[in-house]
Amino acid sequence: MTLQITRASLQDWALVREWAADEGWNPGVSDAPAFFAQDPEGFFLGRLDGEPVSAISVVNYSDTYSFLGFYLVRPDQRGLGHGLATWRAALAHAGGRTVGLDGVPAQQDNYRRSGFAPAYRTARFIGEVPVAGGTVAGVVPVERVDPAALAAYDGACHPAERPRFLASWLATPGHRALVRLTDGRVTGYGVVRPAEQEARVGPLFADTPADAAALLDALAAEARAFGSERIAVDMPEANPAAARLAEERGLEPTFETARMYTGPIRPVAADRVFGVTTLELG
């Protein structure tokens, strides 16, 4: 049988999400619509006799930047070249853009051979954040904030503007988005969402550790409201204050990934990134 590689639909991606859950990635329950909102042409499946055996996403954010994720092969079909064939076909979608990814340690040497260079490590921190009663001062629902101001804040923390993704991510049913305001100015924001296991926090962007702490506490309370006492947040070592915040809140590091790029990216406010949005789309 010959592997056939085609673009995937949003409906197709439900199976890929199951594969990701089986790998222990703890995907969000309702992530896919926001992923597809950014670039519906950036999702690919490899099929044998019509049956999906491999997957990957290469999502274009701008004329200069793409992000690769969901690089998966069904366990019974590994070692047969299907993953590499799917990888090569999907990367063509990025054209000449710089491509980023978050790679697990076992695959990082393979990514280097494909032209990716490491930028920094990210650790997933998991645990139960103590939640005080009442609201957290200075933290408000996203609906109370000018969307343009929030989009500008997000853009400073990411290698490309992503208005389509952001609009969908903030409005996805089940996602709880909160903003930190100081004297009427946005000084951070974060989102928490239901997932297979612990609730996932991402992004967590903030001007200062105090802003990030206020948001994390409020997001943990939101997670409790939809039934999850434990949260997971992917924190980059490029911002040492992120790991300190995790330690202060009793979160424990679990697995690591490495952010890697094929070329240059525009400047990012790394000191504001306390938690990346997703490992799948950056």
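In this predicted model, β4 (65-73), α3 (82-91), β5 (98-103), α4 (108-113) and β12 (252-261) each contribute at least two residues to the lining of the largest pocket. The volume of that pocket is about 690 Å³. A search of the whole structure also finds 1 cavity of 30 Å³ or more.

**Largest pocket**

- The lining of the largest pocket comprises 27 residues.
- Of these, Trp25, Tyr71, Val104, Gln107 and Tyr111 lie nearest the centre of the pocket.
- The element that gives the most to this lining is β4, which supplies 6 residues.
- Classified by residue type, the pocket lining holds 14 nonpolar, 7 polar and 6 charged residues.

**Largest cavity**

- About 70 Å³ is the volume of the largest cavity.
- Its lining is formed by Trp13, Arg17, Pro27, Gly28, Asp31, Ala32, Phe35, Phe70 and Glu280.
- Two or more residues of this lining come from each of α1 (13-22) and α2 (32-38).
- The cavity lining divides into 5 nonpolar residues, 1 polar residue and 3 charged residues.

**Summary of the two spaces**

- The largest pocket, at about 690 Å³, has β4 as the element that gives the most to its lining.
- The largest cavity, at about 70 Å³, draws two or more lining residues from α1 and from α2.

Key. Residues numbered from 1 in each chain as written. Predicted model: local features only at pLDDT ≥ 70, side-chain atom pairs only at ≥ 80, totals over all residues. Heavy atoms only, no water. 1 Å grid on protein atoms, 1.4 Å probe; cavity = no way out; pocket = protein on both sides within 12 Å on 5 of 7 lines; lining within 4 Å. Points joined across faces, edges and corners; volume = space filled by probe spheres on them. Helix = DSSP H or I, 4+ residues; strand = E, 2+ residues; numbered from the N terminus. Nonpolar A, V, L, I, M, F, W, Y, C, P; charged D, E, K, R; others polar.
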